2 protein chains.
Amino acid sequence: MDAQTTHDPTQGVFRALADPTRRAILQQLAQGPRGVNALAQGFEMTRPAVAKHLKILEEGRLITVEQRGRERLNHLQPEMLAVAQRWLGFFEAFWDDKLADLKREVERDDD
Amino acid sequence: MDAQTTHDPTQGVFRALADPTRRAILQQLAQGPRGVNALAQGFEMTRPAVAKHLKILEEGRLITVEQRGRERLNHLQPEMLAVAQRWLGFFEAFWDDKLADLKREVERDDD
DNA sequence: TATAAATGAAACCGAAAGGTTTCGTATTAT
DNA sequence: ATAATACGAAACCTTTCGGTTTCATTTATA
């Protein structure tokens, strides 16, 4: 399928979060906007590799890019991270209390 | 690298969450344990395909498997979802208030 | 103006992902 | 005992992923 064109915003976010380098980039950007060169120095890979990760982060709308002359500042855009957190929030009931275990037992009897 | 052997539990979770089918499986399992056949009926793919997804969910420790005779009941195990949510919680400060915007402005002046 | 810097873009590569079909094997039901 | 059920496992295929090297382009500076 076409992951980029899919109009489910959740997909773009979780796709972007799947890679450890991209998660590390997000944490870097939490400390302020960075260009691709500055970011690449923190990772053991070439600049184009980091640039590709940034593109995927941009597609998932986890960052925005601010063009400043010949520089391209990548800014963290945290709203979509909140979307991901809310998606996970659906499962909160299953770790907040012990209802989950009880539920499992009850449904086992029903089957 | 070796995603399975990596002893960073975060990686296994986010890897598992990257696929929409696997996220849907988790939501299905939130309503109770299911065997692979029951799950496969809900998706437009074959049973072995769903079985592979379940294996990845198990590797990420998002589900546990209970063998009951010839059946294999897949149970949601929500603890690692909480791990993912907490990882995202690090960024809460950036959407909770407007400090993020202020921070960006300040650091732009510093550069 | 020449040069250095910051980056995009393209071509390419091996490995991983996501799917299929086919076959084998326990376990349950008739 | 036989047949149906619920699986796992293997082989195979195509696409995506994550990385590289090379080259072109735009912007800043000596």
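Predicted model: local features only at pLDDT ≥ 70, side-chain atom pairs only at ≥ 80, totals over all residues.
Residues are numbered from 1 along each chain as its sequence is written, chains are lettered from A and ligands numbered from 1 in the order in which they are written, and side-chain values use heavy atoms, with hydrogens and water left out.

The two protein chains are considered first. In the interface, 35 residues of chain B are in contact with 35 residues of chain A (contact means heavy atoms within 4.5 Å). About 3400 Å² is buried between chain B and chain A, with 62% of this area on carbon and sulfur atoms; buried area is the accessible area (1.4 Å probe) that two parts lose on being put together, summed over both. On the side of chain B, the residues losing the most area to chain A are Arg23(B), Gln85(B) and Trp95(B), which together account for 18% of what that side buries.

DNA strand C is surrounded by 19 residues, of which Arg47(A), Arg72(A), Thr46(B), Lys52(B) and His53(B) are the closest (a residue is near a strand if one of its heavy atoms lies within 4 Å of it). Of the atoms of DNA strand C that come within 4 Å of the protein, 64% belong to sugar and phosphate. Polar contacts are pairs of N or O atoms within 3.5 Å; within protein, one must be able to donate a hydrogen and the other to accept it, and residues adjacent in sequence count only if both atoms are side-chain atoms. Lys52(B) instead has a side-chain N or O atom 2.3 Å from a base oxygen. H4(B) provides the largest share of the surface near DNA strand C, four residues (helices, H or I, of at least four residues and strands, E, of at least two are DSSP runs, numbered from the N terminus). By class, this surface has five nonpolar, five polar and nine charged residues; Ala, Val, Leu, Ile, Met, Phe, Trp, Tyr, Cys and Pro count as nonpolar, Asp, Glu, Lys and Arg as charged, and the others, Gly among them, as polar.

Around DNA strand D there are 21 residues, and Thr46(A), Lys52(A), His53(A), Arg47(B) and Arg72(B) come nearest. Sugar and phosphate make up 65% of the atoms of DNA strand D that come within 4 Å of the protein. H4(A) gives the most to the surface near DNA strand D, with four residues. Six nonpolar, five polar and 10 charged residues form this surface.

Within chain B, helix H2 (residues 20–29) packs against H4(B) at an angle of about 75 degrees, with the axes 10 Å apart (axes are lines fitted to C-alpha atoms, for helices over the stretch in contact, and angles run from 0 to 180 degrees between N-to-C directions). H2(B) and H4(B) are therefore roughly perpendicular to each other; angles under 35 degrees count as roughly parallel, over 145 as roughly antiparallel, 65 to 115 as roughly perpendicular and the rest as oblique.
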